[in-house]
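Here are my notes on the model you sent over.

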Amino acid sequence: MDTLSYKTISANKATVTKEWVVVDATDQHLGRFSSKVAKLLRGKYKPNFTPHVDCGDNVIIINAEKAVLTGKKWNERVYLSFSGYPGGQKGVTPAELQAKGDDRLFRKVVKGMLPKNKLGAKLLGNLKVYAGSEHGHEAQQPKLIDINLLK
């Protein structure tokens, strides 16, 4: 006997509505800002969130060079990578990542906050990072949102 009057609706690729969103990183703390961006990419702010589906938005980060790290984290924090060979461990600081490219620091931080599977890799592809205030996605008609209003 089926007594439930409501059924749980699970989103799929056909029913998901994806939007383009612009967020400004000016004077934002890197970790807190990146966790909100990861939630936007994942779709956690939407009512039809489904864990195994890409239901998040495409996020454009502008003014990435104006993000802030407190204390001495620019030079003392080290991100490690290991090639698998003896002596193959390398470390890089956030200042070196920022100097190498505009999006490397943000991609590394946001990637750590996404699922470690195929879905996480696909979600990271929905992230676009630009150092200045100009971006080349005007054709998608992105809407500017204030990241501080999100929890």
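1. Start with the hairpin of β3 and β4: there are 6 residues between the strands, and Gly84 takes a positive phi near 105°. The two strands, β3 (residues 79–82) and β4 (residues 89–92), run antiparallel and are joined by 4 bridges. One of the pairings puts Phe82 with Gln89 in β4. For the terms: strands are DSSP runs of E, at least two residues, and helices are runs of H or I, at least four residues, numbered from the N terminus; two strands pair if DSSP finds at least two bridges between them.

2. Before going on, the ground rules. This is a predicted model, where local features need pLDDT of at least 70 and side-chain atom pairs count only at pLDDT 80 or more, while totals for chains, interfaces and linings use all residues. Residues are numbered from 1 along each chain as its sequence is written, and side-chain values use heavy atoms, with hydrogens and water left out.

3. Then there's the open sheet: 4 strands in the order β5-β2-β1-β6, with parallel pairing. Its edge strands are β5 (127–129) and β6 (143–144), each pairing on one side only. Within the sheet, β1 and β2 (residues 58–62) pair in the parallel sense over 5 bridges, and Val21 stands opposite Val59 in β2.

4. Which residues does Gln28 touch, leaving aside its neighbours within four places in sequence? They are Phe33, Lys66, Ala67, Val68, Ile147 and Asn148, where contact means heavy atoms within 4.5 Å. Gln28 lies in the loop between β1 (20–24) and α1 (30–42). Gln28 counts as buried because its relative accessibility is 14%; the cut-off for buried is under 20% relative accessible area, with exposed over 50% and partly exposed in between (1.4 Å probe, protein chains only).

5. Helix α4 (residues 104–111) has Leu105, Phe106, Val109 and Val110 as its buried residues. They sit on the same side of α4 because they cover an arc of only 120° around the axis, taken from the directions from the helix axis to the C-beta atoms. As a reminder, an α-helix has 3.6 residues a turn, so residues three or four places apart point the same way.

6. Overall picture: 5 helices and 6 strands, running β-α-β-α-β-β-α-α-α-β-β from the N terminus. Buried residues make up 36% of the 151 residues. Of the contacts with a separation of 6 or more, 68% are between residues 24 or more positions apart. The C-alpha atoms fill a box of roughly 65 × 40 × 30 Å along the principal axes.
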